[in-house]
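This report goes through the structure shown below, from one chain to the contact between chains and then to single residues.

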Amino acid sequence: MLRFLVRRLLQAIPTLLVLSILIFAWLRALPGGPAAALLGDKATPEKIANLNHVLGLDQPVIIQYFKFLGRAITGDFGSSLVSSQPVMGEIGTYLPATIELGICAMIVAVVIGIPAGYLSARYRGGVADNVIILLTLVGVAVPVFFLGYMMQDLLAGPLGLPSQGRQAAGLDATSITNFAILDGIMTSEWDAVWDAILHLILPAFALATIPLAVITRITRASVLEVLNEDFIRTANSKGLTQPVVRRRHVLRNGLLPVVTTIGLQTGALLGGAVLTERVFNFRGLGFLLAEGIERRDYPRLQALLLFGALVYVLVNMLVDVSYGLIDPRVRVR
Amino acid sequence: MNTLLTKKKEPIDKLAAASGRSLGAEALRRMLRSPVAITGGAITVLFLLLAIFAPLIAPKDPYERYLQDKVSLGQGIIPGAQPGFPLGVDDFGRDYLSRLLVGAQQTLLVGVLATVIGVLVGVLIGGLAGAFGGWVDTVLMRLVDVMLSVPSLLLAISVAALFQKPSQWTVILAVSMIGVPIFARLLRGSMLSQRGSDHVLAATSLGVKRTAIVFRHMLPNSLGPVIVQATLTLATAILEAAALSFLGLGDPDPNRAEWGIMLSRAARQFLDVRPELAYYPAIAIIVVALGFTLLGESLREALDPKNRR
């Protein structure tokens, strides 16, 4: 198991290195060069020359790359053009909101998606199956940001749910970790916990649609495949009761591919968060990125893009490892 | 050698005739019986016809600002539907129905071009990797891994953000990058599996040149999955282009009648005043994306040899 873990970790290194080269090249390909891009509107020829020297842009490219790599590893991405704060600090402040939202969305997707996919497979060809498949297809075809606006427009009022931000205007909640729910529990401010949950509902459902649709379809396909396996016939013919067959044989084997899907869907979540957080003014990393795009805040964009890719690579590695834990066959390969 | 080929060819052809139909004909026959495929196909054909003939059907000039003096965005006034303007007008007083119709053309253009570029680059990378193997394969696939390691929307954002002045072309280029690694993987996998297959072995032992094997034997046999994926990518391309527009990385030209641009402008600028102006292009996008997805899924099912009887 340890060897598997180490091998998987080592495999991620070349990917991350090539990625760092691409991001390094990306900043150099920006219009007017990196210094002009980093300075934004404030750029004057003297300032550009000065920054070029400070950034070491008058040195050979190879040396520049290694310096960039060194700074990237220590988390130094410069300051945001919008807020003048160090970008890494901003990421630290806004990250909890996105984690909170992402986890809620994933919970929604898994809690609804797996039972729906299972039902769909069990009653294959029936009305429920057809309705569920149609819904998953429509779910993927709806632009995420439009769905967010539609929820604000149609659901927020009748359900009495907040549709903007993370916290009600009058509420004075103590902030320790920036995880709104966790903070509320730690300080026993239960109204703050409730408020945080209410603010999460609409954005979480909007963000969940695509992972939900994908998880439902993968569960369905996977369960259908398992139902045709010989060991299910064996289990049935040796007289096991249906609930036991379903729980121990069908679900256990059928959920393996779903685990991988959940990992892959974090990518969709990271992309979707940019749109959802922008629509709901939910101040997380996605909001930060959307604002960075509008203001052409390149230091912030660079750090967030690299960070997003890093998270995605790490999550998929974790999924691979957990896959090895669930299914011993994977480790042997 | 020629005689050998022709001699062998005849009985094989007869055999195929005896078994009935080719894979393509069989797939077509199966699709014509499936309601899903027919729905998807009908939506796609309708969309294509609309895109081609839109300028002829559009009742008014989509760029003419007919009711501009009646619009006051500051006071939240956009005239609603009225005689001559069945779907109302946008914030420039332009006929919304005509813009939606002409929008089919622009939307199709973005979707198709982004997909085609993605397919071409992806097939080139995947084909080279699959045909040569060895270090070419390793290097190219490492690159593909990196592209896949960036979440798709972030990949498109990073490409689109490279350009100081966003335009329709930067959007198309950015969206096409999402497809590149997917098509590369797909083609490489399918070509690698064929390298060891009997028909490639047969061609090699007959002395057929390597390029001929790649282009005449391996590529045509790998195209099925690529076509399926391309159909599905058409749907995502249109959606991702809309997302880029929404994030301010789209074509800033307010004249351009493209559904994604129309939707994001309506959603961001005058949703409170006239929500229906967002709903119309959104419904159009959803229906078309659904159509492509249905068509792609049923194509996949029809082309799957496992379903052949």
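What share of the contacts in chain A with a separation of 6 or more comes from residues 24 or more positions apart? The share is 69%. The model behind this value is predicted.

## Chain A overall

Chain A has 16 helices and 0 strands. Its C-alpha atoms fill a box of roughly 85 × 55 × 40 Å along the principal axes. Of the 333 residues in chain A, 38% are buried.

## Contact between the chains

On the chain B side, 35 residues are in contact with 34 residues of chain A. The elements of chain B that give two or more residues to this side are α5 (134–148), α6 (152–160), α9 (210–246), α10 (259–269) and α11 (276–303). The most comes from α11(B), with 8 residues. By class, the side of chain B that touches chain A has 27 nonpolar, 6 polar and 2 charged residues.

The helix α11(B) has 28 residues and reaches 40 Å from its first C-alpha to its last, close to the 40 Å expected at 1.5 Å a residue. It is mostly covered, with 21 of the 28 residues buried.

## The nonpolar core

The largest nonpolar core has 161 residues. Those with the most contacts inside this core are Phe146(A), Ala156(B), Ile238(B), Ala243(B), Leu263(B) and Ile285(B). Helix α10 (residues 190–227) of chain A supplies the largest share of the core, 17 residues.

Which residues are in contact with Ile238(B), leaving aside its neighbours within four places in sequence? They are Thr107(B), Val110(B), Gly111(B), Gly260(B), Ile285(B), Val288(B) and Ala289(B). Among them, Ile285(B) is also one of the core residues with the most contacts.

## Crossing of α4(B) and α9(B)

The axes of α4(B) (residues 96–132) and α9(B) come within 8 Å and cross at roughly 145 degrees. The crossing is right-handed. On the α4(B) side, the residues that make the contact include Thr107(B), Val110(B), Gly111(B), Ala114(B) and Gly118(B). On the α9(B) side, they include Val226(B), Ala230(B), Thr233(B), Ala237(B) and Ile238(B). The residues of this contact divide into 14 nonpolar, 6 polar and no charged.

Ala12(A) is found in helix α1 (residues 2–29) of chain A. Why does Ala12(A) count as partly exposed? Ala12(A) counts as partly exposed because it has 18 C-beta neighbours inside 10 Å, and a residue is buried only if 20 or more other C-beta atoms lie within that distance and exposed if 12 or fewer do. Leaving aside its neighbours within four places in sequence, Ala12(A) is in contact with Val313(A) and Met317(A). The C-alpha atoms of Ala12(A) and Ile197(A), 185 residues apart along the chain, are separated by 36 Å.

Asn281(A) is found in the loop between α13 (256–279) and α14 (285–294) of chain A. Is Asn281(A) buried or exposed? Asn281(A) is exposed, because 12 other C-beta atoms lie within 10 Å and the limit for an exposed residue is 12 or fewer. Phi of Asn281(A) is near 50 degrees, a positive value in a residue other than glycine. Most residues other than glycine have a negative phi.

Notes: Residues are numbered from 1 along each chain as its sequence is written. Chains are lettered from A and ligands numbered from 1 in the order in which they are written. This is a predicted model: local features need pLDDT of at least 70, side-chain atom pairs count only at pLDDT 80 or more; totals for chains, interfaces and linings use all residues. Two residues are in contact if their C-beta atoms, placed from the backbone, lie within 7 Å. Helices (H or I, at least four residues) and strands (E, at least two) are DSSP runs, numbered from the N terminus. Ala, Val, Leu, Ile, Met, Phe, Trp, Tyr, Cys and Pro count as nonpolar, Asp, Glu, Lys and Arg as charged, and the others, Gly among them, as polar. A nonpolar core is a set of buried Ala, Val, Leu, Ile, Met, Phe, Trp, Tyr and Cys residues joined through C-beta atoms within 7 Å. The expected span of a helix is 1.5 Å times one less than its number of residues. Axes are lines fitted to C-alpha atoms, for helices over the stretch in contact, and angles run from 0 to 180 degrees between N-to-C directions. A crossing is left-handed if the near helix is turned anticlockwise from the far one by less than a right angle, and right-handed if clockwise.
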